[in-house]
Amino acid sequence: MRIRDAVSIADLRMLASRRTPKFVFQPVEEGTESGRGQRANVDAFARRVLVPRVAEEPVTADLSTTVFGRRYAAPFGISAIGYAGKMWPGADRALAEAAVAADLPFMLSMGTVADIESITRLAPGRVWQQLYAARDTRITDEFIGRARDCGVDVLVHTVDMPVSPAPDYVSRTGIRPPLPLPLARLPGIAWECLTHPAWTMAMARVGRVPRLEGWARYVGQRASARDVLKFVGSQMISGAGWREVERIRRAWPGKLVVKGLLCGADVARAHAVGADAVTVSNHGGNKLDAAIASLDALDAIVGAMAEAERPLLFFDGGIRRGSDAAIAHASGAAFNFVGRAALYGMLAGGSAGALKAISCSRVNSRDRCSISASRRSTRSGLRMSVPPTPPTARSSVGTSARGGYKKALPRRKLSFGAEGQSECSICRRTRG
Ligand SMILES: Cc1cc2nc3c(=O)[nH]c(=O)nc-3n(C[C@H](O)[C@H](O)[C@H](O)COP(=O)(O)O)c2cc1C
């Protein structure tokens, strides 16, 4: 199969897995530990169905969506993919080019090979900067300043990565290029390189291990890719918490999105500290394999909090089809992001592959009409029905994007946990 024959993200995933060595592909797939977390995200969509409704008025097939005052061609963007340029040379540029061609926002990870200066030149007006809190706050502040100087309007502060993910594959093999390449594994690595010539040639053309350029200045311009990576590892996984979110809010004059929330109390806290939006996300299952699926968390949050009590809700986790995006939208997400879907496309065929992934993620024309309808009127368009005992709600009531859940689920008072206590009343109910 070639890119042009692919009709789904599953096709692109298969092409990507054929084109890239296992030691590149498998960790992406697993996220952390066994990969249960990312599978849970996908499975959560399989438990929902849509019940299309006839619209009150004629509906035009228009997916364009305005977010933070800017109109994009579809209600989703490409999420942050750290180290993408290490998986395939030029990946950051390929993803940014696809976002430009499709007129979607591109969330640039703080851990990219290409730096923000070159990506914003390539995709002016479309880049959102993703930011972890570095241990050294001067580095965080410099990233913020560079984003501002490059004309970026939206900062996405990811708060859910206190420790580095550990896919079982990496733990088992010890292969995490360009860092440990255990001697005992070299024959296997060589075999993977030989059997994936497109990847090997692409790497050979670059002639060196791709370096995280946005970070090189903090280590020294002559630092090796390995040195830079070690430095990033020592800085980026901070788990700095709410105090840092507040500090970043004060430092950043533009729109602030807090990414990686799964619980109503945290969403309320983000609202209180002045976030303009939050992304309901479990990091694609990459941080905690037993984490609640993003979609289940979205249901619980929307069910328990009135719109006035929360900032704008964005969503990511498990979107592999247009209908998944439609379900997330019908569940209350104002805007969605795709991670692996775009990455599979890029690994399968560079920016053309990423563009193909975007077109597969766009809903087909029938769903498009439904989405337009649901956005225009709560009395028409999509209705979502939930099977008998979903993990988020012991309710079999069919729900609409907005009011339905509020009727189905009694509103709970949100309680902030004491310092270090992560559960809120919504999470407790979710766990039964
Ligand atoms: C390989 C990989 C790298 C990622 N790197 C980052 C990152 O640097 N920053 C971040 O906030 N999220 C990162 N994420 C999470 C994504 O932005 C997004 O939340 C997640 O992929 C959505 O789930 P999906 O892959 O099922 O679409 C990464 C995800 C993957 C798969």
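Reader: How many helices and strands are there in the protein?

Author: Keep in mind that what you're looking at is a predicted model. Going along the protein, you'd count 13 strands. The helices come to 20.

Reader: What percentage of the residues in the protein is buried?

Author: To count as buried, a residue needs 20 or more other C-beta atoms within 10 Å of its own. The protein has 432 residues in total. The buried share of them is 52%.

Reader: And which residues touch the most other members of the largest nonpolar core?

Author: That core has 114 residues. Helix H17 gives the largest share of this core, twelve residues. In general, nonpolar side chains in soluble globular proteins tend to be buried together. The core members touching the most others are Leu95, Phe106, Val278 and Ala342.

Reader: Let's pick leucine 95: which residues does it touch, if I skip those up to four places away in sequence?

Author: Leucine 95 is one of the core members that touch the most others, and it sits within helix H5, which spans 91-102. With residues up to four places away left out, leucine 95 touches Ile78, Ile81, Ala84, Phe106, Ala342, Met346 and Ala354.

Reader: On to strand S11: which of its residues point the opposite way from Phe335 and Phe337?

Author: Strand S11 covers residues 335-338, and the residues on both of its sides are buried. Phe335 and Phe337 point one way. Pointing the other way are Asn336 and Val338.

Reader: What is the bridge partner of isoleucine 78 in S11?

Author: Isoleucine 78 belongs to strand S4, residues 76-78. S4 and S11 pair in the parallel sense, over three bridges. The partner of isoleucine 78 in S11 is valine 338.

Reader: Through which helix does the chain cross from S10 to S11?

Author: Strand S10 (residues 312-316) runs parallel to S11, and three bridges join them. In one of these pairings, phenylalanine 314 has phenylalanine 335 as its partner. The β-α-β crossover from S10 to S11 is right-handed, and the helix on the way, residues 322-330, is H16.

Reader: How many residues of strand S8 are buried?

Author: S8 takes in residues 255-261 and is mostly covered. It runs parallel to S7, joined by five bridges, with histidine 157 opposite valine 258 in S8. Of its seven residues, the number buried is six.

Reader: And which residue in S9 stands opposite leucine 261?

Author: S9 is the strand at residues 277-280, parallel to S8 and joined to it by four bridges. Leucine 261 stands opposite valine 280.

Reader: Which helix does the chain pass through between S8 and S9?

Author: The crossover here is of the β-α-β kind and right-handed. The helix in it covers residues 264-272. That helix is H14.

Reader: What is the phi of glutamate 33, about?

Author: Most residues other than glycine have a negative phi. Glutamate 33 isn't a glycine, yet its phi is positive. You'll find glutamate 33 in the loop between helix H2 (22-30) and H3. Its phi is about 50°.

Reader: Is aspartate 103 buried or partly exposed?

Author: Aspartate 103 sits in the loop between helix H5 and strand S5 (106-108), and its phi is positive too, near 55°. Buried would take 20 or more other C-beta atoms within 10 Å, and exposed would take 12 or fewer. Aspartate 103 has 14, so it counts as partly exposed.

Reader: Which residues is cysteine 150 in contact with, leaving aside neighbours within four places in sequence?

Author: Cysteine 150 lies in the loop between helix H7 (137-149) and strand S7 (154-158). With 18 other C-beta atoms within 10 Å, it is partly exposed. Its contacts, with those neighbours left aside, are Ile116, Glu117 and Thr120.

Reader: Last one: how far apart in space are methionine 14 and methionine 1, C-alpha to C-alpha?

Author: Methionine 14 is in helix H1, residues 9-19. Along the sequence, methionine 14 and methionine 1 are 13 residues apart. In space, C-alpha to C-alpha, the distance is 9.3 Å.

Definitions and conventions: Residues numbered from 1 in each chain as written. Predicted model: local features only at pLDDT ≥ 70, side-chain atom pairs only at ≥ 80, totals over all residues. Helix = DSSP H or I, 4+ residues; strand = E, 2+ residues; numbered from the N terminus. Core = buried A, V, L, I, M, F, W, Y, C linked by C-beta atoms within 7 Å. Contact = placed C-beta atoms within 7 Å. Pairing = 2+ DSSP bridges. Right-handed = clockwise from strand over helix to strand, strands pointing away.
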